[in-house]
Amino acid sequence: MKLYKENQLKIYNSLSKTKEAFKPVHDGHIGMYVCGPTVYSNAHLGNLRTFMFFDVAFRYFLHLGYKVRYVRNITDAGHLENDADEGEDRIAKKARLEEIEPMEVVQRYTVDFHDVLKKYNFLSPSIEPTATGHIVEQIEMIKEIIDKGLGYEVNGSVYFDVIAYNKNNHYGILSGRKIEDAIHNTRVLDGQSDKKNPQDFALWKKADERHIMRWPSPWSEGFPGWHLECSVMSSKYLGDKFDIHGGGLDLKFPHHECEIAQSKTCSGHDPVNYWMHTNMLLLNGQKMAKSTGNFILPDEILTGENKILSKAFSSSVVRFFNMQANYRSILDFSSDALEASEKGYLKLMEAMTSLVSLSSQKSSSVDISQWKEKCYAAMNDDFNTPVLISHLFEGVKFINQIKEGKASITSNDLVDFVTTMNAFVFDVLGLLNDVKDQSSGKIDGVVSLLIKLRKEARENKDWDLSDQIRDELLAIGIQLKDGREGTTYSIS
Ligand code: AMP
Ligand code: ZN
């Protein structure tokens with residue numbers, strides 16, 4: 001039986017502002033869309049926090065046995081400098097400054113993004129579509145919005161009529177903004193905008209002569225508005241009604257509010273059942289953000305090359321640090337906080353290494369089934385990873401007690417315990433056991449020492465000791481090979 005049948009997941013829905021029982025559109029299937037990166041610079045640790053949370057949610061859905069289609073886009077056009085409808089395209093600007101093609105910028109930072117995700121042990125999404133790969137579909141959606149009477153053209157640009165939409169719908173349903181406050185354009189104040197109302201947002205922008213990223217359309221040679229790509233790609237790959245849409249809290253307005261308006265105009269209904277938003281990672285008390293220079297890069301963590309850091313940390317320590325906080329809470333980054341997480345992480349990994357060599361007894365003094373239930377209950381409660389981690393540490397206590405003979409476990413319970421610990425620690429949280437790697441480093445150190453002692457024994461013509469070292473290592477599966485460069489070894 002699939003695990004999801006016995007696990008009623010609750011998800012905090014940003015739309016209703018309550019935790020709701022999760023019911024997928026199609027039984028046993030989940031469609032999830034997460035707004036991906038704008039590839040004009042390296043993803044920072046704040047971006048990673050958001051993507052990492054959704055990676056863990058994805059992992060948990062898979063663990064529960066759901067068939068998941070996880071779509072995370074790449075924004076490679078249309079995201080202007082100020083998040084509203086003015087300014088230069090972020091990618092085009094970078095290309096101009098670096099004197100390269102916009103697509104070179106896109107390629108460089110998409111590759112970097114994938115490299116980082118690999119180092120941080122992310123699962124790949126099922127589909128990773130790009131905005132520039134869906135220009136035709138975006139033009140079609142604009143036509144549909146115009147046909148429905150909610151899009152209008154001025155001087156080659158097309159805008160969404162928020163005031164008209166709001167007559168029969170609720171613009172602000174997600175962000176809680178009042179229509180009079182939901183103003184997108186700053187330049188409207190000095191009367192330069194083509195928009196009918198300052199609340200309206202761009203669906204298509206006519207490119208001025210400086211703008212390199214441009215495509216033909218019925219209205220002008222130009223480029224799509226930023227919000228459009230997500231409405232287009234989510235409905236293309238997940239249908240016009242799907243389960244989960246995620247992103248950072250800063251995307252609620254205007255991005256997600258506009259997505260709802262566009263999609264609902266076309267389909268006639270709300271596009272998403274559960275809106276999920278992650279809270280911000282802070283550095284020095286401020287949101288970690290590229291634009292303010294207040295950020296740290298994932299690669300800097302791995303090398304320790306940033307003056308904020310006392311040393312290098314592994315990617316799993318960062319994962320553990322992120323998962324120790326609830327995704328809906330603000331999280332403060334600091335080197336001290338990472339060091340504290342590292343201690344906890346190492347303790348957990350040492351226990352995971354011991355777990356495999358525990359032996360069973362005739363009876364159990366630990367209640368594994370109750371403990372297991374608590375682990376699932378934590379994740380079922382809106383992915384409460386900090387509570388899950390506290391239960392995993394109860395598991396660590398069991399491991400140490402059993403190891404020291406202060407507690408016992410039957411073989412059936414042990415199988416259940418090992419399976420559950422492994423599932424949550426490695427499959428769901430996505431941690432890697434660096435301690436295991438360290439222990440293989442220790443083996444290397446010990447064998448190298450024995451090779452050195454054997455060399456000394458041979459130099460002293462102590463053939464007995466030299467043979468004894470070789471034979472005893474062989475007996476435990478470590479074979480020494482003498483060559484011109486010295487002695488090497490292999491483990492069978
Ligand atoms: P961007 O590349 O700017 O479009 O951002 C990619 C994702 O990272 C979005 O979901 C943002 O909401 C999220 N994000 C940006 N800054 C932070 C931060 N400091 N903490 C958490 N998430 C963030
Ligand atoms: Zn988006």
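The questions below ask what stands behind each label, and the model is a predicted one.

Me: Why is T420 called buried?
Reply: Buried means under 20% relative accessible area. T420 has 4%, so the label holds. T420 belongs to helix 13 (residues 411–428). Leaving out residues up to four places away in sequence, T420 touches W371 and K372.

Me: Why does F58 count as buried?
Reply: Its relative accessibility is 5%, and the limit is 20%, so F58 qualifies. F58 is part of helix 1. Beyond its neighbours within four places in sequence, F58 contacts M32, V68, Y70, L123 and S124. V446 is 388 residues from F58 in sequence, and their C-alpha atoms are 41 Å apart.

Me: How do you know that the length of helix 11 (residues 368–380) agrees with what its 13 residues should span?
Reply: Take 1.5 Å times one less than the number of residues. For the 13 residues of helix 11 that gives 18 Å, and the end C-alpha atoms are 18 Å apart, so the two agree.

Me: Which residues of helix 11 are buried, and what covers them?
Reply: The buried ones are I368, W371, C375, Y376, A378, M379 and N380. Their cover includes strand 1 (10–13), helix 1, helix 12 (385–403) and helix 13. Just after helix 11, D382 takes a positive phi of about 55°.

Me: What makes strand 3 (residues 29–34) largely enclosed?
Reply: Of its 6 residues, 5 are buried, so the rest of the structure largely encloses strand 3.

Me: How do you know that strand 3 pairs with strand 4 (residues 67–72) and with strand 9 (residues 242–248)?
Reply: Count bridges. A pair needs at least two. Strand 3 and strand 4 have 6, in the parallel sense. Strand 3 and strand 9 have 3, also parallel. H29 stands opposite K67 in strand 4. Y33 has H245 of strand 9 as its bridge partner.

Me: What is the hand of the β-α-β crossover from strand 3 to strand 4?
Reply: The chain runs from strand 3 through helix 1 to strand 4, and the crossover is right-handed.

Me: Which residues touch the most other members of the largest nonpolar core?
Reply: F61, I301, F333, F383 and L392, in a core of 93 residues. Helix 1 (residues 45–63) gives the most to this core, with 11 residues.

Me: What is I301 in contact with, leaving aside neighbours within four places in sequence?
Reply: I301 contacts L45, Y120, I296, L309, A312, F313, V318, F333 and L338. A second, separate core has 36 residues, among them V71, L228, F253 and A261.

Methods
Residues numbered from 1 in each chain as written. Chains lettered and ligands numbered in written order. Predicted model: local features only at pLDDT ≥ 70, side-chain atom pairs only at ≥ 80, totals over all residues. Heavy atoms only, no water. Core = buried A, V, L, I, M, F, W, Y, C linked by side-chain atoms within 4.5 Å. Buried < 20%, exposed > 50% of the residue type's maximum accessible area, 1.4 Å probe, protein only. Helix = DSSP H or I, 4+ residues; strand = E, 2+ residues; numbered from the N terminus. Contact = heavy atoms within 4.5 Å. Right-handed = clockwise from strand over helix to strand, strands pointing away.
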